[in-house]
Amino acid sequence: MARIRATAATPWTDSAGTTWSPDAGYIGGDVHLGGIVPVGDSADQLLYSSHRWGMSAYEVRVPCPARYRVELHFAEVVFTEPGQRVFGVSLEGRPLARKLDVVDAVGAMRPFELRRDVQVTDGLLDIDFTAIVEDPMVSAISVDRVSACSGDASPGTPTPNGDVVYRISAAGNEYTAPDGSRWSADQYFDGGETSGQVSQHVAGTDADPLYGRHRWGMAGYALPVPENGTYSLVLHFAETVFTSPGQRVFGVTAEGDTLLSDLDVQAEAGTGQAYVRAFTVDVADGTLDVGFQSVVEDPMISAIEVVHVTGSEPEPEPTPTPTPTPTPT
């Protein structure tokens with residue numbers, strides 16, 4: 001789903017045909033570019049020959065709350081003796097390796113991987129690094145979803161509280177994602193046009209058909225809901241047209257309230273990268289209204305999810321006023 005080659009400035013394809021995206025999501029640090037040096041018997045020397053070092057963390061955007069398999073790739077190409085570089089790694093606040101010493105584990109100039117499945121609940125996979133001796137480093141990161149998104153159900157069908165009401169593929173036809181989630185064809189939109197499907201891989205997801213096209217220029221969506229109450233609204237984007245910040249900026253509202261005032265997907269995530277935002281919305285009139293406002297160029301959306309969280313509290317029935325009994329006279 002996500003493949004990040006630390007230090008890279010451009011996409012790169014390995015010997016198996018897998019495309020690794022440029023370095024992104026890191027917090028701090030610097031890059032070690034050692035050229036192509038022999039790293040064990042790996043068929044992909046370039047993946048392990050360089051690394052980012054000194055970073056405090058990576059924040060990897062994921063398309064939805066779910067369980068993910070994280071693989072961290074290392075090769076020690078600077079130090080040659082155990083104890084010269086030792087650091088800690090944690091995923092979502094849980095330790096993965098308290099005292100990682102790559103040379104001690106496999107020796108210098110050899111590939112080494114750490115792997116663990118982790119639950120992500122907030123749309124960001126947090127990978128934290130802690131220096132113990134010298135600076136932490138990492139060569140590459142891969143992330144794959146290994147469970148369905150939370151609340152999977154058939155799209156477009158009103159369901160009981162806590163279930164999916166809509167999964168809409170904006171600009172697309174019906175679609176079943178690799179995780180088995182089903183998305184309906186585009187519906188309930190107000191105006192706009194549809195883009196063509198991009199040919200390149202969309203980073204941060206394995207559902208390229210969902211993010212590789214979008215509806216643009218629409219005024220909004222009016223989504224009938226099964227009952228009034230609280231809903232989770234999940235908006236899926238990928239900027240596949242513009243390549244620089246500021247080229248497409250727009251606002252998003254729900255039920256008349258501003259959710260996003262100046263959204264610039266390219267500035268937030270880059271070009272060709274899945275980007276997801278989730279909100280809680282109260283509906284009181286039977287229709288969840290989502291509006292889009294142009295700031296620079298036309299607004300766009302790749303997909304929409306609506307999940308029923310709770311129903312509204314019923315109005316209490318009025319307590320009948322007793323009729324006074326006439327007093328005999």
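**Figure 1. Asp-44, a buried acidic residue without a salt bridge.** In this predicted model, Asp-44 sits in the loop that runs between β5 (30–32) and α1 (45–49). Asp-44 is buried, yet no salt bridge is found for it. The nearest side chain of opposite charge belongs to Arg-5, and it is 9.5 Å away. A salt bridge needs a side-chain nitrogen of Lys or Arg within 4 Å of a carboxyl oxygen of Asp or Glu. The side chain of Asp-44 does have a polar atom 2.8 Å from the backbone nitrogen of Ser-15.

**Figure 2. The salt bridge between Glu-71 and Arg-115.** Side chains of opposite charge can pair when their charged atoms come close. The whole structure holds 8 salt bridges. In one of them, the side chains of Glu-71 and Arg-115 meet with an N to O distance of 2.7 Å. Glu-71 belongs to strand β8 and Arg-115 to strand β11 (residues 112–120), so the bridge links distant parts of the chain, 44 residues apart. Glu-71 is buried, because its relative accessible area of 15% falls under 20%. Arg-115 is exposed, with a relative accessible area of 53%.

**Figure 3. Arg-167, with a salt bridge to Glu-305 and a place over the ring of Trp-183.** The side chains of Glu-305 and Arg-167 form a salt bridge at 2.6 Å, N to O.

**Figure 4. The loop between β17 and β18, with Asp-186 and Tyr-188.** The side chain of Asp-186 meets that of Arg-215 in a salt bridge of 2.7 Å, N to O. Asp-186 lies in this loop and Arg-215 in strand β20 (residues 215–216), 29 residues apart. Asp-186 is buried at a relative accessible area of 15%, and Arg-215 is buried at 6%. The ring of Tyr-188 pairs with that of Tyr-166: the centres are 5.7 Å apart and the planes stand at 75°, so the pair is edge-to-face. Tyr-166 is in strand β15 (residues 164–169), 22 residues from Tyr-188. Tyr-166 is buried, at 3% relative accessibility, whereas Tyr-188 is partly exposed, at 37%.

**Figure 5. The tilted ring pair Phe-74 and Phe-87.** The count of aromatic pairs comes to 8. In the pair shown here, the ring centres of Phe-74 and Phe-87 are 6.0 Å apart and their planes meet at 50°, so the pair is tilted. Phe-74 is part of strand β8 (residues 66–74) and Phe-87 of strand β9 (residues 86–91), so the pair ties together parts 13 residues apart in sequence. Phe-74 is buried at 0% relative accessibility, and Phe-87 is buried at 1%.

**Figure 6. An open sheet of 5 strands and a ring cluster.** The strands of the sheet follow the order β4-β7-β12-β9-β10, with antiparallel pairing. β4 (26–27) and β10 (94–100) are the edge strands, each pairing on one side only. Strands β7 (residues 57–61) and β12 (residues 124–133) run antiparallel and are joined by 5 bridges. Ala-57 has Asp-128 in β12 as its bridge partner. Ring pairs link Tyr-26, Tyr-58 and Phe-129 into a cluster. Arg-52 lies over the face of Tyr-26, 3.4 Å from the ring centre.

Key. Residues numbered from 1 in each chain as written. Predicted model: local features only at pLDDT ≥ 70, side-chain atom pairs only at ≥ 80, totals over all residues. Heavy atoms only, no water. Phe/Tyr/Trp six-rings, centres within 6.5 Å; stacked < 30°, edge-to-face > 60°. Helix = DSSP H or I, 4+ residues; strand = E, 2+ residues; numbered from the N terminus. Buried < 20%, exposed > 50% of the residue type's maximum accessible area, 1.4 Å probe, protein only. Lys NZ or Arg CZ within 6 Å of the ring centre and 35° of its normal. Pairing = 2+ DSSP bridges. Lys, Arg positive; Asp, Glu negative; His and termini not counted. Polar contact = N/O pair within 3.5 Å; in protein donor to acceptor, adjacent residues only side chain to side chain.
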